[in-house]
Amino acid sequence: MDNSRTPMISVQMYTLREYIRTREDLFATLDRLSALGITGIQGRTPAYMSDEEFAYELALRGLYADSVMVSLSDILTNPSYASRLAGVFGIDVVRTDGMPPELMMNREG
């Protein structure tokens with residue numbers, strides 16, 4: 001491990017889901033994260049705003065997404081969405097929410 005680098009502090013937004021139910025709650029939570037010195041988030045865009053608006057609100061507060069979540073069904077049905085989302089947030093990592101057991105039964109799926 002390279003101890004000469006300062007580690008990035010990031011929070012998983014799912015853990016704050018009770019505090020981001022509305023736009024106003026989200027903005028207050030993002031403000032608080034910024035005030036605490038947290039710079040990165042991992043999560044998905046709230047249903048009440050666009051990806052572009054969420055990226056803007058993060059940047060406005062000096063925050064950024066180190067990765068974002070895309071449901072596996074979205075990845076399988078619309079793979080270009082994950083690439084577009086990575087572009088909106090300027091990231092290289094798009095995470096999925098998990099693998100259903102039926103896809104893990106054997107090598108062929």
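Buried residues are those under 20% relative accessible area, exposed residues those over 50%, and partly exposed residues lie in between, with a 1.4 Å probe and protein chains only. Helices (H or I, at least four residues) and strands (E, at least two) are DSSP runs, numbered from the N terminus.

The structure is a predicted model, in which local features need pLDDT of at least 70 and side-chain atom pairs count only at pLDDT 80 or more, while totals for chains, interfaces and linings use all residues. Residues are numbered from 1 along each chain as its sequence is written, and side-chain values use heavy atoms, with hydrogens and water left out.

## Overall architecture

The protein chain contains 4 helices and 4 strands. Read from the N terminus, its elements follow the order β-α-β-α-β-α-α-β. Of the 109 residues in the protein chain, 32% are buried. Contact here means heavy atoms within 4.5 Å. Among contacts in the protein chain with a separation of 6 or more, 71% are between residues 24 or more positions apart.

## The sheet

The 4 strands form an open sheet in the order β1-β2-β3-β4, with parallel pairing; two strands pair if DSSP finds at least two bridges between them.

Strand β2 (residues 40-43) pairs with β3 in the parallel sense over 4 bridges. Along this pairing, Ile-41 stands opposite Ala-65 in β3, and Gly-43 stands opposite Val-68 in β3. Strand β3 is mostly covered, with 5 of its 7 residues buried.

Leaving aside residues up to four places away in sequence, Val-11 touches Leu-16, Leu-33, Ile-38, Gly-40, Ile-41 and Gln-42. Helix α3 (residues 72-77) includes Leu-72, which is buried, with a relative accessible area of 12%. Each of these two residues has a C-alpha separation recorded in the table.

| Residue pair | Separation in sequence | C-alpha to C-alpha distance |
|---|---|---|
| Val-11 and Gly-43 | 32 residues | 8.6 Å |
| Leu-72 and Pro-100 | 28 residues | 8.9 Å |

In α2 (51-60), the residues Asp-51, Phe-54, Ala-55, Glu-57 and Leu-58 are buried. Viewed down the axis of α2, these buried residues fall within an arc of 160°, so they line one face of the helix; the arc is that of the directions from the helix axis to the C-beta atoms. The face turned away from the buried side of α2 carries the exposed residues Ala-59 and Leu-60. The packing partners of the buried residues of α2 are α1, β2, β3 and α4. Just after α2, Gly-62 has a positive phi of about 75°.

Helix α1 (residues 23-35) packs with α2 at an angle of about 35°, their axes being 10 Å apart. The crossing of α1 and α2 is right-handed, a term used if the near helix is turned clockwise from the far one by less than a right angle. In this contact, Arg-23, Leu-26, Phe-27 and Leu-30 of α1 meet Glu-53, Phe-54, Glu-57 and Leu-58 of α2. The residues of the contact comprise 5 nonpolar, no polar and 3 charged. In this classification Ala, Val, Leu, Ile, Met, Phe, Trp, Tyr, Cys and Pro count as nonpolar, Asp, Glu, Lys and Arg as charged, and the others, Gly among them, as polar.

## Helix α4

Helix α4 (residues 79-89) has Ala-82, Leu-85, Ala-86 and Phe-89 as its buried residues. Seen down the axis of α4, these buried residues fall within an arc of 100°, so they line one face of the helix. An α-helix has 3.6 residues a turn, so residues three or four places apart point the same way. Ser-83 and Gly-87 are exposed on the other side of α4. The buried residues of α4 pack against α2, β3 (64-70) and β4 (94-96). Gly-90 follows α4 and has a positive phi, near 65°.

Definitions and conventions: Axes are lines fitted to C-alpha atoms, for helices over the stretch in contact, and angles run from 0 to 180 degrees between N-to-C directions.
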